[in-house]
Amino acid sequence: MKYLGQEFFIEKIKAKLIAKKFGTPAYCYSYSRLKENIENLQKNFKSFNPLFCFAVKSNTNKYLLNEISKFGFGADVVSMGELIRAISAGISPNKIVFSGVGKTAREIEYAINKKILLINAESKSEILQIEKIAKLKKKTINIGIRLNPNTDAKTLKEISTGKKENKFGVNEKTFLELVDYIKNSKNLNLKCLSAHIGSQILDHKPYLKMLNVLDKVIRKSNHKFEYVDLGGGMGIDYVHNNKKLNLKKYNSYIQKFLKVNSCKIIFEPGRSIIGDTAVLITNITYIKESDKKDFIILDAGMNDLMRPALYKAEHKIIPIVKKKIKSKKIYEFVGPICETTDKFLTIKNYQKLNENDLIVIYDVGAYGMSLSSNYNLRPKPIELLIHNSKIKIINKRQKLSELV
Ligand code: LLP
């Protein structure tokens with residue numbers, strides 16, 4: 001994805017042509033970028049051959065899940081819907097882990113029937129529920145316990161999960177009690193310790209802290225864990241200033257950890273795999289001038305891309321055709337939704353824009369389409385996968401008739 005001359009290209013295709021043919025708003029994924037991201041992670045951690053379970057919540061597109069599975073990936077799911085989707089996309093159940101604080105009895109039973117790799121439990125009540133169902137089925141179920149390591153991931157507070165005030169996992173004391181309880185259970189087999197401290201992590205130090213806590217707790221538990229699941233969270237460069245998570249450092253911390261704790265490492269990456277693979281092409285419907293700023297009113301809204309409204313998350317916005325003339329006004333990029341938070345970015349010194357110009361919102365592959373909704377009864381956008389000069393529709397634009 002880059003400019004060639006004045007025109008923005010996705011792989012070998014002009015974004016303008018994609019918009020003309022398929023309309024806007026349109027999610028466009030680059031297959032080459034996806035492949036690059038996957039291979040980059042695999043290469044970085046290859047010395048200990050981890051199991052990568054793609055976090056389906058970040059992107060639930062069936063075609064993409066199938067492509068990702070071809071690289072040997074499993075899945076991390078958090079609902080029965082995601083579990084069914086992952087299996088139907090061709091992901092092998094014995095590579096699927098099930099996380100989440102509120103799995104219902106029906107969801108647990110379904111996961112047991114499908115013989116997935118691990119149910120990562122997040123409370124004592126959940127463990128008792130799994131045991132009850134396992135007993136009825138006369139089975140022994142492989143489970144993990146999610147530890148809350150009380151580690152600050154130094155990311156947005158809305159997407160932090162590993163501090164004691166967050167609802168996720170259990171604290172050290174409960175963890176150790178649960179290990180003892182499971183040791184005496186005929187229907188539960190404790191295979192995994194899992195943790196996930198948050199998302200969009202760019203600083204490697206929280207990972208070191210987390211590993212130190214895991215190391216200490218494993219020692220205290222006196223239990224041999226076959227798997228240690230480190231969750232996801234690896235951040236991407238949304239602001240494009242080259243601030244990246246130092247994967248080499250993270251890798252070296254894990255290698256050290258493995259010297260004392262021999263186990264299979266599981267990762268649950270979402271954003272680092274899919275985040276920067278996609279852009280959202282959108283058209284400028286109107287430009288509304290006001291005293292201090294101009295509102296650039298797009299045909300994409302917060303229902304199509306929720307992250308800015310939900311977390312004040314920043315996504316770079318660029319014009320599809322570059323021009324030299326600058327606007328003297330401040331531009332505020334907004335959607336058509338009847339909400340004040342329906343805005344994407346406020347920016348100075350932007351190139352002068354006109355109504356019906358096309359623009360591109362960057363890095364929308366993760367938690368873009370998966371967080372989209374039909375708010376204001378707006379149909380969901382089309383999803384396209386681009387590879388070299390080929391375009392494949394991987395999810396049709398929702399029809400208004402399906403909604404109304
Ligand atoms: N594993 C667990 C247990 C998780 O809760 C999550 C994300 C992941 C893995 C994947 O994390 P990733 O590698 O994608 O950072 N909607 C927010 C992000 C919420 C993340 C929730 N959990 C956003 O748009 O920033």
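Guide: Start with the lining of the largest cavity. By class, one nonpolar, five polar and four charged residues line this space. Keep in mind that the model is predicted. Which residues line the largest cavity? They are S99, N120, E122, R146, S194, A195, H196, D229, G231 and E268. The largest cavity holds about 50 Å³ of space. The structure has one cavity of 30 Å³ or more. How is such a space found? Rolling a probe the size of a water molecule over the atoms shows where empty space is left.

Now follow E268. This residue lines the largest cavity, and E268 is also among the closest residues to the ligand. An N or O atom in the E268 side chain lies 2.5 Å from a nitrogen atom of the ligand. A polar backbone atom of G270 is 2.9 Å from an oxygen atom of the ligand. A polar side-chain atom of R271 is 2.9 Å from an oxygen atom of the ligand. On its own, the ligand has 590 Å² of accessible area, and the protein covers 91% of that.

Step back to the whole shell. The ligand is surrounded by 18 residues. Besides E268, the closest are S199, R307, Y311 and Y367. By class, the shell has six nonpolar, six polar and six charged residues. Where do they come from? Domain 1 (2–29 + 275–403) and domain 2 (31–272) each give at least three residues to the shell.

Key: Residues numbered from 1 in each chain as written. Predicted model: local features only at pLDDT ≥ 70, side-chain atom pairs only at ≥ 80, totals over all residues. Heavy atoms only, no water. 1 Å grid on protein atoms, 1.4 Å probe; cavity = no way out; pocket = protein on both sides within 12 Å on 5 of 7 lines; lining within 4 Å. Points joined across faces, edges and corners; volume = space filled by probe spheres on them. Nonpolar A, V, L, I, M, F, W, Y, C, P; charged D, E, K, R; others polar. Near = heavy atom within 4 Å. Polar contact = N/O pair within 3.5 Å; in protein donor to acceptor, adjacent residues only side chain to side chain. Areas by Shrake-Rupley, 256 points an atom, 1.4 Å probe, with all protein chains shown as cover. Domains from an automatic or database assignment.
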